[in-house]
Every structure is written in structure tokens, then in C-alpha cells.
Amino acid sequence: VAVDYNQAVRWYRKAADQGHTGAQYSIGNMYCLGLGVAQDYNEAKRWYRKASDRGFDMAQNSLGSMYYEGVGIAQDYNQAVYWFRKAADQGLAKAQFNIGTMYDQGEGVDQDCNQAVRWYRKAADQGDADSQCSLAGIYLSGVDEFPKDLKLSNFFLSAAEAQGNERTKLLRKMLEVAIQDTSDDLLNLNAPPSSQCTCCGRTAGNGMKLKPCPRCTGPLYCGKDCQRAHWKQGHKENCFRK
């Protein structure tokens, strides 16, 4: 079938008018991009909002992006955080990256590296390359309670490189420079990290000890909150399989 945006809009609208949230999100995209209709950010926002109010995570993330970037509407970081969080709480990796970035940069929320790493890690565990790059950068330089750790930096950077993420090129050069300035070697860096909380990413040290999952002894946790959170994220099934 030949691509026909006009027909796509026609059928999306029929479904959207019946309350189908995926179609509402799709027609919002058509208006946002000007495909099959004249570009209209107000209409894009209207359709994204319809789907968002009914809990459609991708629409919530798109609505958050409109507020974050100020596309067609006044830039509003508080609204961006609100909608990103709704999508992130449902497990949408890109929204988890977005809310992590806002905590990282202190936009719409107080700057909080712990929260940034927490959300980046959730997204990274789902394979989000941008979050993997952000974590690689944090461990490359060391920030707040997350000390410089080239092993962890390389771990996340390699995961992002496997997906062809463009951000990895500069990070790889920076990591190579950092390696030259230390006694670490690439052989050790390529070993799996073993001193990091599986859930929040904190590194053991300064009196903090990590404890393994009491059932399967695989993941490591810095506390009960992270253990419970990781269980809810899906480790429950993996744990029983082991």
C-alpha cells in the first residue's frame, strides 16, 4: 500500500472520535508534524491531551515534550515534569529519561542527582541508549554520591554504543583520556560492574554496603526500598526463574 497521509488521518480520526487513545495520539502526531493536515500545534496538543487524560503514556510524554520545548505553547517546565512523570510511572523508558534529565539539570524540580540516576537507571535497564549515555557521563566524572567509576562508565557506554547512539563518540574519547590518566586498563573495565545497586545505581563505599537478593543472590541492593522497587519493576519473575 502506498503511503497516503490523508487516508491515514481519515482513519485515525474515525477511531479517535470513538475514544481510541492510540488513534488520538497518532492524529496528534499528524498535526504536530503536518502530515496529511496543516501543521497545527494547538490541535496536536488537544489530541495529545485527550489521550493523556485517559492514561496513554506516549501521549503524556509527547505533551510533556511540547511543554518542555515550548513548541506551539508557552514553555512550562512544571507541566513538562507533570506529564513526563505520569508516563514514566507507567514504565515508558523515554519519559523516564526525560524526567531524569529534568532532575539532572534542575528544570521544573530541584536539582537532584540521586533522582536523576534513579530514573536514568530505570530507562537504561529497558535499553534506552540516551539514559545509558547519561549514566556513562555521570560515572566518567563523578557527581555527588556517585563517585568517578570508569568501569561503570564503560559498562553503560558500551551498551549505548551497541545501539549506535551518536552521543557515545565524544564520551568514548573522554573515557579513553580518563583511562590514560589512571592505572585502570581496558581489560578490567570490560568486566561486569559488581559494586553498584541494581536499582538506583549507587556505588558501594563510604560505609554503604550492598546486599544481594535473598532469593536468587543475583542483583545487589543498597537498601530495602531499592529491593522492593526492583521487585516491582519485574525482578519478581526473573527471581523465581533463577
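Modeller: In this predicted model, the axes of helix α4 (residues 57–69) and helix α6 (residues 93–105) come within 10 Å and cross at roughly 30 degrees. Angles under 35 degrees count as roughly parallel, and α4 and α6 are therefore roughly parallel to each other. The crossing in which α4 passes α6 is left-handed. On the α4 side, the contact is made by Asn61, Ser65 and Tyr68; on the α6 side, Lys94, Ala95, Asn98, Met102 and Gln105 take part. By class, the residues of this contact of α4 with α6 are three nonpolar, four polar and one charged.

Helix α4 also meets helix α5 (residues 77–89), and the axes of α4 and α5 come within 8 Å, crossing at roughly 165 degrees. Because of this angle, α4 is roughly antiparallel to α5. Here, too, α4 passes its partner α5 in a left-handed crossing. From α4, the residues that meet α5 are Asp57, Gln60, Asn61, Leu63, Gly64, Ser65, Tyr67 and Tyr68. Their counterparts in α5 are Tyr77, Gln79, Ala80, Trp83, Phe84, Lys86 and Ala87. This contact of α4 with α5 comprises eight nonpolar, five polar and two charged residues.

Methods
Residues numbered from 1 in each chain as written. Predicted model: local features only at pLDDT ≥ 70, side-chain atom pairs only at ≥ 80, totals over all residues. Heavy atoms only, no water. Axes fitted to C-alpha atoms, helices over the stretch in contact; angles between N-to-C directions. Helix = DSSP H or I, 4+ residues; strand = E, 2+ residues; numbered from the N terminus. Parallel < 35°, antiparallel > 145°, perpendicular 65-115°, else oblique. Left-handed = near helix turned anticlockwise from the far one by under 90°. Contact = heavy atoms within 4.5 Å. Nonpolar A, V, L, I, M, F, W, Y, C, P; charged D, E, K, R; others polar.
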